[in-house]
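Please look over the sequence and the model below. The report that follows takes up a few places in turn.

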Amino acid sequence: MIDNWIAGFHAAMEPMSLLMIVVGVLAGIVIGALPGLTAVMGVAILLPFTFAMDPLPGMMMMAGLYTSAIYAGSIPAILMRVPGTPSSAASLLDGYPMARKGKSGEALSISLLSSVIGGLFGGILLALFAPMLAAVALMISQGQYFMLIFLALTMIASISEGSLLKGLLSGLLGLLIATIGTDPLTGTARLTFGIDDLRGGMDFIPVLIGLFGIAEAFNQFERRFRTDAESISKATSYKISKKSFKRMWPGVAIGSPIGFLIGALPGGTGGEVGSFISYNETRRISKDKSQFGKGDPRGLAAAETGHNSAVPGTLAPTLTMGIPGNSVAAVMIGVLTVHGLQPGPQLFTGEVSLVYGIFWGFLLVPIAVGIIGLVGIRGWGQILRIPPPLLWPGIVVMCGVGAYTIRSSVVDVFVMFLFGIIGWVMEKKNVPTIPLVIGLLVGPIAESGFRRATILEQGGFGWIFDPLTLGLLIVALLSIIVSVVRSTKLSKAAEKLEVEETKTDIEAR
């Protein structure tokens, strides 16, 4: 075993491998920071360039791009409330409020530090536990998959405490939108209204850009470019205060393992779900929940470590079983197959230096992201020194280009603006948008798992009584009950406070 690690280290430290890590990280930061451009797109674009390389340098470039794109997606999320990648949607929950308080530099530093820690933690777990985790994930049944997603959906209740009904309605809307497109089992079109471009479903990126980016642009236009961008641009300190440094560690400790475990589920959504679950669980176990969503370092750190530790996690089933952890991992398989290498157990016996070189690569890449991020972090915030009347129209144009380039479809641009209006109205009516995002994200996986499990039971629901499935169901129901109780208490407390304030006003008169 030690010999394998030594061989992998020598392979990873070759000049070509190190150069490709730097190239990948630089490309990933550019791609991740531009709304609409995703890690999948970046990996797909650079994939042909790896065909002329040896397998390991090619994988190093892909790993660098993948990791840095996930990190960089949080830059516009924090500064402009525009998620650069789907994984960074959870980061804006506390990152953007920090920026509005004039702490954009500190938020960017917390994001960078948490990303590096999450990436390193995920890389270590990938090297130590990849075969075991992949084998366990392979044993998960369709019914258990559905129940895992159902458990994730209970986050809607937790995130929406105080407005539980609005949160549930938002989540149900997300699930409804997720049904648009072609039925995954029968192949029939659903809710496409005769529009061929919708047969492939409502693409997640235009919806995400609309809900957050365009909706925020509408808010800025409505306010005539007041205060928000100006207060963010005044931030000069990029140091993490002692108070924030202490507060971020619970998020780091919770987000790192959760993100990796979610990423290791074959066919899952990796960092997108991992970041939300990490954020939710950090909030759930915290005694003081009042600052979450208002600029709490715990929430930002949890989201960042969650989606960055999921990056190595997605490679666990890819390398050990040949089953892609997500779409990026599926594209990365091409780096190996073009050289006649088949991902799976045989790699661990025939290509030892390659496999362990990849393990070392996922330890080196976060370090490279940290170094390059430290050099460039002051440059990220300078974008908000652009005059708002020029900045926000430019952001709208950039968002439109990003939405169009996903599938080269004008329909996606219309979808982006439609959800921009929806997001703008939802914010005015105090309806949370995050449950909609979660419902849209996990809806297809939940539907497929439920229907396949039911079909395997010949139309019955006996699969629910599987011990693990039943246990997950009980935990999910308990989570909902706890959230209902908390929501009721919050409502009563608000009513009591309102009555006391009314009495005080009457006595003052």
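## A charged network

Which residue forms a salt bridge with Arg 190, with the closest N and O atoms 3.4 Å apart? The partner is Asp 183. This is a predicted model, and the distances below are computed from it. Arg 190 has a relative accessible area of 18%, so it counts as buried. Asp 183 is also on the buried side of the cut-off, because its relative accessibility is 8%.

Arg 190 has a further partner. Glu 447 forms a salt bridge with it, and here the closest N and O atoms are 2.6 Å apart. Glu 447 sits in helix H21 (residues 434–456), while Arg 190 belongs to strand E2 (residues 189–190), so this pair ties together parts that are 257 residues apart in sequence. Glu 447 is buried, at 17% relative accessibility.

Glu 447 also meets Arg 451 in a salt bridge, at 2.9 Å from N to O. Arg 451 and Glu 447 are four residues apart in helix H21, so about one helical turn separates them. Arg 451 has a relative accessibility of 23%, so it counts as partly exposed. Shared partners join Asp 183, Arg 190, Glu 447 and Arg 451 into one salt-bridge network. Across the whole structure, a search finds eight salt bridges. Side chains of opposite charge can pair when their charged atoms come close.

## Where H11 meets H20

How do helices H11 and H20 cross, and within what distance do their axes come? H11 covers residues 204–222 and H20 covers residues 410–428. Their axes come within 6 Å and cross at roughly 60 degrees. The crossing of H11 past H20 is right-handed.

On the H11 side, the contact includes Pro 206, Val 207, Ile 209, Leu 211, Ile 214 and Phe 218. On the H20 side, the residues include Val 415, Met 416, Phe 417, Phe 419, Ile 421 and Trp 424. Charged residues take part too, among them Glu 222 of H11 and Asp 412, Glu 427 and Lys 428 of H20. By class, the contact residues divide into 13 nonpolar, four polar and four charged.

## Val 396 in H19

Val 396 lies in helix H19 (residues 388–407). Is this residue buried or exposed? Val 396 is buried, with a relative accessible area of 18%.

What does Val 396 touch, beyond its neighbours within four places in sequence? The contacts are Ile 214, Ala 217, Phe 221 and Phe 417. Two of these names return from the helix crossing: Ile 214 of H11 and Phe 417 of H20 both take part in the contact there. Val 396 and Glu 216 are 180 residues apart in sequence, yet their C-alpha atoms are 9.9 Å apart in space.

## Thr 282 in H14

Thr 282 has its place in helix H14 (residues 271–285). Its relative accessible area is 0%, so Thr 282 is buried.

Which residues surround this side of the helix? Setting aside neighbours within four places in sequence, Thr 282 is in contact with Pro 250, Gly 251, Ile 254, Phe 292, Arg 298 and Ala 302.

## Two loop residues with positive phi

Phe 193 is found in the loop between E2 and H11. Its phi is near 55 degrees, a positive value in a residue other than glycine. Phe 193 is exposed, with a relative accessible area of 70%.

Asn 430 lies in the loop between H20 and H21. Asn 430 is not a glycine, yet it has a positive phi of about 60 degrees. At 57% relative accessibility, Asn 430 is exposed.

## The whole chain

How many helices and strands does the protein chain have? There are 22 helices and two strands. The chain has 509 residues, and 56% of them count as buried.

Among contacts in the protein chain with a separation of 6 or more, 79% join residues 24 or more positions apart.

Key. Residues numbered from 1 in each chain as written. Predicted model: local features only at pLDDT ≥ 70, side-chain atom pairs only at ≥ 80, totals over all residues. Heavy atoms only, no water. Axes fitted to C-alpha atoms, helices over the stretch in contact; angles between N-to-C directions. Left-handed = near helix turned anticlockwise from the far one by under 90°. Contact = heavy atoms within 4.5 Å. Salt bridge = Lys/Arg side-chain N within 4 Å of Asp/Glu carboxyl O. Buried < 20%, exposed > 50% of the residue type's maximum accessible area, 1.4 Å probe, protein only.
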